[in-house]
Amino acid sequence: MRALVLSGGGANGDYQVGALQHIIGDLGVKYDAFCGVSVGALNGAFLAQFSDGQEKESIDLLEVLWDSIDDDAIIKKWCHGLLGNLPGILWKDSVYSTEPLRDLVRRNLDTARLKASGKQLRVGAVAWGSGDYQLWTEKDDDAPQGVLASSSFPLFFEDTIARGVPWTDGGLRNITPLKAAIDLGADRIDVIRCSPGQVGGHVERHPGKLTKVKRMLEILLDEVERGDLARALDINDLCQAVSNGNKELLSRKFIDIRVLAPHVDLGDSLDFDPVKNKTNRQRGYRDASSLSWV
């Protein structure tokens, strides 16, 4: 089984689209399962609607969607004019309204197609109350709510109410959801990250409170992502170490894992500027073209 694991990364998810233009679009790689959190949940869920033989159509959908994305297509300020985001800072539950994002998912994610595609989907979110990380699958009638829950960037995006409770971004616990792919039985896993493995980017000399909060979240999520990948690669190292010895000592099997990550910081994860998106898509395509995927 071959699985595609897509990490979180907010507005930088267009990097994944560029990489997949090469992997799926050019090479025709077929995936049995799609596992994602945050923007990776969005991209993965859209792809999981398409059956084998529909790879071109799946990439076409991602391209069209991301071509249409800007700040107004994902988030909006609570008020126009001078008030701007003031309600979100003072009395709303989030800095931004995510009504545009909810509408985008409603229009482009079909539960019937998910169930009929023959693909497996795993997207995760964190319940605010229990702190538990839970999964939605292609079989769930509320899969679109799970995708939105996984994409609810904490504090800045509205929480998603699903299954009677509020949810937030799955990346708080599992920003690169390798475990979901391993639990499905995948023996080949391709991982596409949206960060270079270290927190970069420019922060002004005297950042405001919102900038500090967002930066804190980016640093925490980066640490989670490093841990996710390190655990999976440690398992592989152990498999190789005992490959000529007593294999009963190890219950895990060796998994062929390929990881694609940008070499540079892709920019603000909440900046949905179309020019930046296009640049990141081109970078994703170039980076993917430099690796072997067959």
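Reader: How do the axes of H1 and H3 lie to each other?

Author: The axes of H1 and H3 cross at roughly 160° and come within 10 Å. The axes are lines fitted to C-alpha atoms, for helices over the stretch in contact, and angles run from 0 to 180 degrees between N-to-C directions. This is a predicted model, in which local features need pLDDT of at least 70 and side-chain atom pairs count only at pLDDT 80 or more, while totals for chains, interfaces and linings use all residues. Residues are numbered from 1 along each chain as its sequence is written, and side-chain values use heavy atoms, with hydrogens and water left out.

Reader: Why is H1 called roughly antiparallel to H3?

Author: Angles over 145 degrees count as roughly antiparallel, under 35 as roughly parallel, 65 to 115 as roughly perpendicular and the rest as oblique. H1 and H3 cross at roughly 160°, which makes H1 roughly antiparallel to H3. Their crossing is left-handed.

Reader: Which residues of H1 and H3 meet?

Author: Asp14, Val17, Leu20, Gln21, Ile24 and Gly25 in H1 meet Glu55, Ser58, Ile59, Leu62, Glu63 and Trp66 in H3, where contact means heavy atoms within 4.5 Å. By class, this contact of H1 with H3 has 6 nonpolar, 3 polar and 3 charged residues.

Reader: What makes H1 oblique to H12?

Author: Helix H1 (residues 14-26) packs against helix H12 (residues 274-289) at an angle of about 40°, with the axes 6 Å apart. That angle makes H1 oblique to H12. H1 passes H12 in a right-handed crossing. The contact of H1 with H12 divides into 6 nonpolar, 7 polar and 6 charged residues.

Reader: Why are H2 and H3 called oblique to each other?

Author: Helix H2 (residues 39-47) and helix H3 (residues 55-67) pack at about 135°, with their axes 9 Å apart. H2 and H3 are therefore oblique to each other. Val39, Asn43, Phe46 and Leu47 of H2 make the contact with Ser58, Ile59, Leu61, Leu62, Leu65 and Trp66 of H3. By class, the contact of H2 with H3 has 8 nonpolar, 2 polar and no charged residues.

Reader: How do you know that Arg113 lies over the face of Phe50?

Author: A charge sits over a ring if NZ of Lys or CZ of Arg is within 6 Å of the ring centre and within 35 degrees of the ring normal. Arg113 is at 4.5 Å from the ring centre of Phe50 and lies over its face.

Reader: Which residues form one aromatic cluster?

Author: Phe153, Phe156 and Phe157 form it. A search of the whole structure finds 4 aromatic pairs.

Note on methods
Phe/Tyr/Trp six-rings, centres within 6.5 Å; stacked < 30°, edge-to-face > 60°. Helix = DSSP H or I, 4+ residues; strand = E, 2+ residues; numbered from the N terminus. Left-handed = near helix turned anticlockwise from the far one by under 90°. Nonpolar A, V, L, I, M, F, W, Y, C, P; charged D, E, K, R; others polar.
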